[in-house]
2 protein chains.
Amino acid sequence: MAVKEPLIITDKDQMRQWSRTMRAQGKTIGFVPTMGYLHEGHLSLIKEAHKHTQLIVVSIYVNPGQFSPSEDLSTYPSDFDADVKKLKAIPGGVDVVFHPHSLYDYGNSGRNGGIGVEREEKEREKAVVSCVEEKGLGHETWVRVERLEKGMCGKSRPVFFRGVATIVTKLFNIVEPDVAVFGKKDYQQWRIIRQMVRDLDFAIKIIGSEIMREDDGLAMSSRNVHLSPEEREKALSINRSLSKAKAKFAAEKGQVNCKELRSWVIQEINEAGGRVDYAEIVDQESLEAVEEIKSPAVFCVAAWFGKVRLIDNMEISV
Amino acid sequence: MAVKEPLIITDKDQMRQWSRTMRAQGKTIGFVPTMGYLHEGHLSLIKEAHKHTQLIVVSIYVNPGQFSPSEDLSTYPSDFDADVKKLKAIPGGVDVVFHPHSLYDYGNSGRNGGIGVEREEKEREKAVVSCVEEKGLGHETWVRVERLEKGMCGKSRPVFFRGVATIVTKLFNIVEPDVAVFGKKDYQQWRIIRQMVRDLDFAIKIIGSEIMREDDGLAMSSRNVHLSPEEREKALSINRSLSKAKAKFAAEKGQVNCKELRSWVIQEINEAGGRVDYAEIVDQESLEAVEEIKSPAVFCVAAWFGKVRLIDNMEISV
């Protein structure tokens, strides 16, 4: 089969123009937003997108709006050339790689001309801010999914979901897709995007795609590259303990105390050498913590191994 | 000239379908969002829209998301039949009147099934909420223009601009216009929408349209209908004092102390029998308060007359 050479677009107006031209021809567009450093997990999202639409756009953009200044924006891994190679190798390929330089730099439009630098600095000092405010670019509009953003990852990363919902809104407005695919590894993110699309009336169908794992069970993540061999070994404790917890639930026919199950998983990961950020059993829809599993639930975990924070989860059906 | 009969659409999917069909035919769409009870001010926005696009959509929807439970949602005036008559009488008419029943009722999608009513109530008690949360419909995504929303009307109406930015986002996603027109009577709202459109990459051109006034100078507003004749007479003090302030500025060739000018306007309105909510001289772009007028500024006022809160403003060029 001939390899499809994707069009690489860096300009947002050009991106939108491409989508509008295609739509005018009756074509449907699938969209997979990524931060690059692609692995099999990303590629599975693209394969999923191929099932729904004729054309595929993949964005590669490390979004400063979802990192706080103290987080790992500067060390987030990237390799654009390798990413494009991987995209070409997918059956059916992709049509466009959208790879903007910055999505928060609006040039000297003069709209923020009156805002003193001094005041911006004062505001940054007192508010919880992302790397976007830190750079002082004048961007100030944020989309918030006020309830779902509060728990789990939202607790330890207070600007994270605000940044995710905002960049996804921006990308949706630029790419104008019919379908967008998100990985269920980022379970809370997936739920937030689905809620946002409903609440803001985006005409976009959101698909959740299953977690991809390495042969040893580690959930695929761009951040895995930063794990030392020892840390990686320790990190296997997440999937191992979640799988055992799920088996326990099945064996005890649902008569499981969530509090005990959580404590057990936390202990397993800590004993393996990780540092648990959270381990919560929540309702699949509301992401509210549950005490007993009576409706479809999901066991979500975040844990540190050295300087790397990993997340994983496992759905538990009833 | 034949009177154009507008298409009345109440369903959001049908609305979007109409826009997409028109766009596929190469037509451009202008959009004027309103809360109905139309007056000459609204009609001037529509006339402005006619200068920019081939087709015109007017929405009539009283947005519960921008009212707090203690505000005047229940008494906000409406007269749909009279509104349609007025729209027909405009030269060129309008093509669609979008008149949805509710834009926050998503049916029993089950997505919020897991959220207990009790918890919703607890959240409503502690947070600043709008009439949307009060109804417990499960909507939880809000667009915030974090800096511009803070001052002036945002101080006394803390949910107002959150509600405006959110409903405008929803309407933009439903109507998908090329151009949208907003009145400069709601100066802060206009600036917020312009900022939001830039920051969220909406492909929509925002036009600001000048304030329309009654013969006696009162800025047109749907709320004017609630003024008693005496209150209306008192309310003239806003425009009268703003005009005098502007003349003072011109006479003194810009050597005007804003603090004194503000005090003087507040005194004039209070002496006339109004109760000033705020009177601020701010930069036209940043809406930051200024002490001296060195760049284009705008004098914004909000004041109560009986149970009616009115706003007005006057641009001051240098």
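Me: Through which surface do the copies meet?
Reply: The copies meet through the same surface, because 100% of the interface residues of chain B are also interface residues in chain A. Contact here means heavy atoms within 4.5 Å.

Me: Where do these values come from?
Reply: This is a predicted model, in which local features need pLDDT of at least 70, side-chain atom pairs count only at pLDDT 80 or more, and totals for chains, interfaces and linings use all residues. Residues are numbered from 1 along each chain as its sequence is written, chains are lettered from A and ligands numbered from 1 in the order in which they are written, and side-chain values use heavy atoms, with hydrogens and water left out.

Me: OK, aromatics. How many pairs?
Reply: There are 12 aromatic pairs over all chains. Rings of Phe, Tyr and Trp (its six-membered ring) pair if their centres lie within 6.5 Å; planes under 30 degrees apart count as stacked, over 60 as edge-to-face and the rest as tilted. Phe31(B) and Phe172(B) are edge-to-face, because their planes are at 70 degrees, with the ring centres 6.3 Å apart.

Me: Where do those two sit in the chain?
Reply: Phe31(B) is in strand 2 (residues 29-34) of chain B and Phe172(B) is in helix 7 (residues 160-175) of chain B, 141 residues apart, so the pair links distant parts of the chain. Helices (H or I, at least four residues) and strands (E, at least two) are DSSP runs, numbered from the N terminus.

Me: Is Phe31(B) buried or exposed?
Reply: Phe31(B) is buried, at 0% relative accessibility, and Phe172(B) is buried too, at 2%. Buried means under 20% relative accessible area, exposed over 50%, and partly exposed in between (1.4 Å probe, protein chains only).

Me: What about charges over rings?
Reply: Arg162(B) lies over the face of Trp142(B), at 3.8 Å from the ring centre. In chain A, the charged end of Arg194(A) sits over the ring of Trp190(A), 5.5 Å from its centre. The test is that NZ of Lys or CZ of Arg is within 6 Å of the ring centre and within 35 degrees of the ring normal.

Me: Now strands. How many residues of strand 9 of chain B are buried?
Reply: Eight of the nine residues in strand 9 (residues 297-305) of chain B are buried.

Me: What does strand 9 pair with?
Reply: Strand 8 (residues 275-283) of chain B is joined to strand 9 of chain B by eight bridges, antiparallel. Strand 9 also pairs with strand 10 (residues 308-316) of chain B over nine bridges, again antiparallel. Two strands pair if DSSP finds at least two bridges between them. Phe299(B), for instance, stands opposite Met314(B) in strand 10 of chain B.

Me: In chain A, what order do the strands take?
Reply: The order is 8-9-10, in an open antiparallel sheet of three strands. Strand 8 (275-283) and strand 10 (308-316) of chain A are at the edges with a single partner strand each, so one side of each has no neighbour in the sheet.
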